[in-house]
Amino acid sequence: DEDDEPKLYLYAETDTLKAVSDYTHMSFNDCLLLDCVTYKKLVRDSLIYKMRQTPEGQEYLESCWLLK
C-alpha cells in the first residue's frame, strides 16, 4: 500500500538539530558542540515541550508514559 511507504520528501536531516536550537535558543554550531548525552536529553525535552502544547500531544505523551 502506498500509504505505508515513507514519504521521503517530508524528512529533514536537521530536524532534531532545529528542535534543540529552537528549544535552547542556541545556534546550530553551539548545539553541535554539546556532548552526546546532553544533546539527546535536549532532543527529548524539546519533543516533550512541543507535544504538551496541544491536547492531542498531551494525550500522546500520556499514552507513551503508560506504555513505559
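Q: What span does helix H4 reach, and what span is expected?
A: The model is predicted. Helix H4 covers residues 55–67, which is 13 residues. From its first C-alpha to its last, H4 reaches 18 Å. The expected span at 1.5 Å a residue is 18 Å, and the helix is close to that.

Q: Why is H4 said to lie largely in the open?
A: Buried means under 20% relative accessible area. Of the 13 residues of H4, the number buried is one, so the helix lies largely in the open.

Q: What makes up the largest nonpolar core?
A: Five residues do: Leu17, Val20, Cys31, Tyr39 and Leu42.

Q: Which residues does Cys31 contact, leaving aside neighbours within four places in sequence?
A: Cys31 is in contact with Leu17, Val20, Ser21, Thr24, Met26 and Tyr39.

Q: How do you know that Cys36 is in no disulfide?
A: The two sulfur atoms of a disulfide must be within 2.5 Å. A search of the whole structure finds zero disulfides. For Cys36, the nearest cysteine sulfur is that of Cys31, 13 Å away. The cut-off is 2.5 Å, so Cys36 is in no disulfide.

Q: What makes Asp22 and Lys18 a salt bridge?
A: The cut-off is 4 Å between side-chain nitrogen and carboxyl oxygen. The closest N and O atoms of Asp22 and Lys18 are 2.9 Å apart, so the pair qualifies. Both residues lie in helix H1, four residues apart, about one turn of the helix.

Q: Are Asp22 and Lys18 buried, partly exposed or exposed?
A: Asp22 is at 43% relative accessibility, so it counts as partly exposed. Lys18 has a relative accessible area of 41%, so it is partly exposed.

Q: How many salt bridges does the structure hold, and what distance joins Arg44 and Asp45?
A: The structure holds two. The side chains of Arg44 and Asp45 meet at 3.4 Å, N to O. That is within 4 Å, so this is a salt bridge.

Definitions and conventions:
Residues are numbered from 1 along each chain as its sequence is written. This is a predicted model: local features need pLDDT of at least 70, side-chain atom pairs count only at pLDDT 80 or more; totals for chains, interfaces and linings use all residues. Side-chain values use heavy atoms; hydrogens and water are left out. A nonpolar core is a set of buried Ala, Val, Leu, Ile, Met, Phe, Trp, Tyr and Cys residues joined through side-chain atoms within 4.5 Å. Buried means under 20% relative accessible area, exposed over 50%, partly exposed in between (1.4 Å probe, protein chains only). Contact means heavy atoms within 4.5 Å. Helices (H or I, at least four residues) and strands (E, at least two) are DSSP runs, numbered from the N terminus. The expected span of a helix is 1.5 Å times one less than its number of residues.
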